[in-house]
Amino acid sequence: MTSATPPNLAEKTTLLVLDTDPPPRLGRLTGRVRVEHADESSLAELLPAADVLLVWDFASHAVRRAWPGEGPRPRWVHTASAGVDHLMCPELAASDTLVTNARGVFDQPIAEYVAALVLAMAKDLPRTWDLQRAREWRHRESQRIAGNRACVVGSGPIGRAIERTLKALGMTTALVGRTPREGVHGPEDLDRLMARADWVVSAAPLTDDTHGMFDARRFGLMQPSARFVNVGRGQLVIEEALAEALASRWIAGAALDVFEHEPLGPESPLWEAPGLIVSPHMSGDTVGWRDELGAQFVELYELWETGEPLPNVVDKQRGYVPGH
């Protein structure tokens, strides 16, 4: 937790929201703050006068393009997402502006989604649905997952929630993070763990060190019976290498919820990659998730308003919240 400089309460704080539909519900803040709304075209003009920036449109890269260098700028930026790669730029990283994220909102929903993907692939549910629509009765055997090995890459709250959930299904799990410590393997163990794993789950943040980490070499390390799941960031995966690994049957299957370019274009070969489940960046989005994000921001704002320490403070050099 990090202390933030409280606003001057003699005047209303200016809260600038980088909007998308539906807009955030600010609850108790209504009438207490001056709220202005920006889109990608107006953000640069409005940023210098804002005290706080709420990046509600967390799919936008507008903050990186519009962030002012010298001169006035928001004292605090909050993004309604777990990742911060979409907004970090050298000027923001070098500034004294506080950055927080939505850590805690998506952990369990994403873990449940990963478990659903694992079960769907192990039990061949996509094929069952295809056969049902074709009115074809074809008995098959499915895979038992209790006793399987899972390698979860990313030791933050989302990765740890995934590990707990897979362990509850009877899997033997290994967690890989940036720094080795009790219960967490370091990057130097990743190749060995991937080579032994039945399931490799990517939930790492996007940094210079993790960009493109799942490439042809790493897919080549995996067992032919193994499967890969990415719920972290699309840029963690070399998508052409994954498509080739699936087409060549280097691995048995995969599921991607995030992609290098979103939305995934209709011309992408990933739509037809054998054994691949494609979902539109929805693993953390359960009913009511936007209300949770809005309520979380209101709670953080009320701490900031009184000068209390804030949780979820991002290390702007590392690109994530440290301490996990």
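1. A word on conventions. Because the model is predicted, local features need pLDDT of at least 70 and side-chain atom pairs count only at pLDDT 80 or more, while totals for chains, interfaces and linings use all residues. Residues are numbered from 1 along each chain as its sequence is written, and side-chain values use heavy atoms, with hydrogens and water left out.

2. Let's start with helix 6, residues 157-168. Helices (H or I, at least four residues) and strands (E, at least two) are DSSP runs, numbered from the N terminus. Helix 6 has twelve residues and spans 16 Å from first C-alpha to last, close to the 16 Å expected at 1.5 Å a residue; the expected span is 1.5 Å times one less than the number of residues. Just after helix 6, Gly-170 has a positive phi of about 95°.

3. Which residues of helix 6 are buried? They are Pro-157, Ile-158, Gly-159, Ala-161, Ile-162, Glu-163, Thr-165 and Leu-166. Buried means under 20% relative accessible area, exposed over 50%, and partly exposed in between (1.4 Å probe, protein chains only). The cover over these residues includes helix 4 (107-122), strand 7 (149-153), strand 8 (172-176) and strand 9 (199-202).

4. Thr-165 deserves a look of its own. With a relative accessible area of 16%, Thr-165 is buried. A polar atom of its side chain lies 2.9 Å from the backbone oxygen of Ala-161. Setting aside neighbours within four places in sequence, Thr-165 is in contact (heavy atoms within 4.5 Å) with Gln-108, Ala-111 and Ala-115.

5. Now the cores. A nonpolar core is a set of buried Ala, Val, Leu, Ile, Met, Phe, Trp, Tyr and Cys residues joined through side-chain atoms within 4.5 Å. The largest one has 47 residues, and those with the most contacts inside it are Trp-76, Ile-162 and Phe-297. At least two residues of this core come from each of strand 2 (14-18), strand 4 (52-55), helix 4, strand 7, helix 6, strand 9 and helix 10 (289-305). Helix 4 gives the largest share, eight residues. A second, separate core of 32 residues includes Ala-197, Met-222, Ala-245 and Ala-273.

6. Neighbours within four places in sequence aside, Ile-162 is in contact with Ile-110, Ala-111, Val-114, Val-152, Val-201, Ala-203 and Val-231.

7. Where are the cis peptide bonds in these notes? One runs from Asp-21 to Pro-22, with omega near -10°, and Pro-22 sits in the loop between strand 2 and strand 3 (34-38). Another joins Glu-262 and Pro-263, with omega about 0°; Pro-263 is in the loop between strand 11 (253-256) and strand 12 (276-278).

8. Two residues other than glycine have positive phi values to check. His-281 has phi near 50°, lies in the loop between strand 12 and helix 10, and is partly exposed at 32% relative accessibility. Asn-312 has phi near 65° and belongs to the segment after strand 13 (309-310); with a relative accessible area of 11%, Asn-312 is buried.

9. Finally, Arg-233. This residue is in the loop between strand 10 (227-230) and helix 9 (239-247). Is Arg-233 buried or exposed? Arg-233 counts as buried, at 18% relative accessibility. Not counting residues up to four places away in sequence, Arg-233 touches Gly-83, Asp-85, Ala-204, Leu-206, Val-258 and His-281.

Notes:
Polar contact = N/O pair within 3.5 Å; in protein donor to acceptor, adjacent residues only side chain to side chain.
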